[in-house]
Amino acid sequence: MRHPTPRLAVVAAVVLLLAGCVSPPTRWAAPISGDPAPSGSTVAGVTPPVWGPCDDYRDVPNVTLECGVMKVPQNWTAPNGKTFDIALLKAKSSRQSRRIGSLVVNPGGPGGSGVDLAYYLSQGLPEDIIWKFDIVGFDPRGVGKSSP
């Protein structure tokens with residue numbers, strides 16, 4: 001009996017991981033209308049992330065790591081009320097060219113750290129992806145470095 005090669009196993013794992021990041025549209029989702037928000041715009045009650053060094057992570061060769069925190073409302077119907085912090089990590093190839101955008105990752109749950117996932121993916125995704133996308137992960141509320 002032949003066994004799959006290790007390379008095939010890695011490709012299959014990446015495909016399954018990325019397939020888990022895609023969810024089908026739901027019928028109760030609000031329709032999207034109009035143009036996308038301009039770059040740098042904000043949503044009521046949400047502060048843009050403040051990026052800085054990632055002291056808790058080892059350097060990754062050819063990758064720049066930035067960690068950040070974003071404040072979001074505890075209650076979206078009262079966006080100027082109490083907030084909590086969402087922890088973020090952004091990994092960008094130092095050889096990035098022709099950037100397309102950001103690939104936001106979340107391992108699902110319960111309890112998985114998207115910050116850790118972005119860190120590990122920055123070391124394991126093919127260079128073609130890292131050269132075109134910032135890899136951004138977040139810890140959902142109550143997970144890892146995010147507020148409970």
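**Ground rules.** I am working on a predicted model, where local features need pLDDT of at least 70, side-chain atom pairs count only at pLDDT 80 or more, and totals for chains, interfaces and linings use all residues. Residues are numbered from 1 along each chain as its sequence is written, and side-chain values use heavy atoms, with hydrogens and water left out.

**Overall layout.** I started with the elements and found three helices and five strands. I took helices (H or I, at least four residues) and strands (E, at least two) as DSSP runs, numbered from the N terminus. From that end the order reads α-β-β-β-β-α-α-β. I then looked at burial, where buried is under 20% relative accessible area, exposed is over 50%, and partly exposed is in between (1.4 Å probe, protein chains only). Of the 148 residues, 27% come out as buried.

I traced an open sheet of five strands in the order 1-2-3-5-4, and its pairing is mixed. For me, two strands pair if DSSP finds at least two bridges between them. Strand 1 (50-52) and strand 4 (101-105) sit at the edges with a single partner strand each, so one side of each has no neighbour in the sheet. Neighbouring strands are turned by 25° against each other on average, direction ignored. For angles I used axes that are lines fitted to C-alpha atoms, for helices over the stretch in contact, with values from 0 to 180 degrees between N-to-C directions.

I zoomed in on strands 4 and 5 (the latter residues 133-138), which pair in the parallel sense over five bridges. There G101 stands opposite F133.

**Helix 2.** This one (residues 114-124) lies across strand 2 (63-73), strand 3 (83-93), strand 4 and strand 5, and runs at about 150° to strand 5. Its buried residues are G114, V115, L117, A118, Y119, L121 and S122. At the N-terminal end I found a cap: a side-chain oxygen of S113 lies 3.4 Å from the backbone nitrogen of V115.

**The disulfide.** Which cysteines are joined? C54 and C67 are, with S to S at 2.1 Å. I counted cysteine sulfur atoms within 2.5 Å as a disulfide, and one turned up. The link of C54 and C67 is right-handed, with 115° about the S-S bond. C54 is in the loop between strand 1 and strand 2 while C67 is in strand 2, so the pair ties together parts 13 residues apart in sequence. C54 is buried at 10% relative accessible area, and C67 is buried at 18%.

**The cores.** A nonpolar core here is a set of buried Ala, Val, Leu, Ile, Met, Phe, Trp, Tyr and Cys residues joined through side-chain atoms within 4.5 Å. In the largest one, of 18 residues, Y57, L65, L89 and I135 touch the most other members. Strand 2, strand 3 and helix 2 each give two or more residues to this core, and helix 2 provides the largest share, five residues. I listed the contacts (heavy atoms within 4.5 Å) of I135 beyond four places in sequence: L89, K90, A91, L103, V105, A118, L121, L125 and I129. Apart from this core lies another of five residues, among them V46, V72, F84 and L88.

**S146.** I checked this serine last, in the segment after strand 5. S146 is buried, at 7% relative accessibility. Not counting residues up to four places away in sequence, S146 touches D85, I86, A87, D139, P140 and R141.

Conventions: A polar contact is a pair of N or O atoms within 3.5 Å; within protein, one must be able to donate a hydrogen and the other to accept it, and residues adjacent in sequence count only if both atoms are side-chain atoms.
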